[in-house]
Amino acid sequence: MAQSNGIIKPKTKRSKRFLESRAPKLAEDGKSTMIMKGGNANQTVSQALKDIYSLKKPSAVLYKKKNITRPFEDSTSLEFFSKKTDCSLFLFGSHNKKRPNNLIFGRLFDFHVLDMIELGIEKYVSLSEIKISKCPEGTKPMLVFAGEAFDMDDEYKRLKSLLIDFFRGPSVSAVRLAGLEHVLHFTAVDGKIFMRSYRSLLKKSGCRTPRIELEEIGPSLDFVLRRTHLASDDLYKLSHKQPKALKPKKKKNISHNVFGTKFGRVHMQKQDLSKLQTRKMKGLRKRKRGAVDGQQDGESSKVAKMES
């Protein structure tokens, strides 16, 4: 590929296809995640990264080699790998004496770091320690958030948004009931975040609606919130901007209530009610003048005979 005046021009068909795949689209592809570990990651952090990678497959890239970098001090290496692998989400694991068992969740906008939140692992149970059948690879999880902190605190609100972005999976138009079998539950209480992974089982209930049971499959993680790097409100709003072609067109005179019922308003010209055609009935029909006079003469003659 040749570059002139900041514009990259492809020389081969392969490079042309590559540039077309990276070009902006109205409907963007699903977000991919890169998972990497720092230069001093221990066994706990490495195993946690592998377990989260198993939840994210196939839309994730796992780097097995150690990368000596500090995202909160210099994020250029993360931005370089993001552009190389076309990933907009990342997970970085590290371990040191000051911050043991450290995980950094983050996302990028236009290949620049948007948000980073650092979580410390206090308790960890891996996938291999729970001897139960797991969900199939690529299963789209159901996300559940519990705790007032996710609705009250600004940092926890951004953490909730980041976790939804990280674990939600690809966008789909329809979901079958049997495919809803993986549940990720996040609980924020007493300054800690508890992450649990369950498999939903559909049991017989004696009626049409099945009885649902949850079975823990792992991994199980207890986090504590550490450092944060949050984008400004203007940049955060810009990252959510959608092209005009994707915005639904507003239809006039149509509204919905809180229950989703659709209401329509019809505009009509002013009607003249005197010319309004009503239903014809025999009792309301207008009679001819001659017939009315004849009927009145007949009635008067009958009255005269009765008097005589």
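A salt bridge here is a side-chain nitrogen of Lys or Arg within 4 Å of a carboxyl oxygen of Asp or Glu. Keep that in hand for the exercises below, and remember that this is a predicted model.

**Exercise 1.** Work out whether the side chains of Arg-70 and Glu-73 meet in a salt bridge, and whether each residue is buried or exposed.

*Solution.* Start with the distance: N to O comes out at 3.6 Å for Arg-70 and Glu-73. The cut-off is 4 Å, so the pair counts as a salt bridge. Next, the accessibility: exposed means over 50%. Arg-70 has a relative accessible area of 58%, so it is exposed. Glu-73 sits at 60%, so it is exposed too.

**Exercise 2.** Where in the chain do the partners Glu-118 and Arg-227 lie, and how accessible is each?

*Solution.* First, the contact: their side chains form a salt bridge at 2.9 Å, N to O. This pair ties distant parts of the chain together, with Glu-118 in strand β7 (residues 112-125) and Arg-227 in strand β12 (residues 220-229), 109 residues apart. Glu-118 is buried at 0% relative accessibility, while Arg-227 is partly exposed at 30%.

**Exercise 3.** How many salt bridges does a search of the whole structure find?

*Solution.* The search turns up 14 salt bridges.

Notes: Residues are numbered from 1 along each chain as its sequence is written. This is a predicted model: local features need pLDDT of at least 70, side-chain atom pairs count only at pLDDT 80 or more; totals for chains, interfaces and linings use all residues. Side-chain values use heavy atoms; hydrogens and water are left out. Buried means under 20% relative accessible area, exposed over 50%, partly exposed in between (1.4 Å probe, protein chains only). Helices (H or I, at least four residues) and strands (E, at least two) are DSSP runs, numbered from the N terminus.
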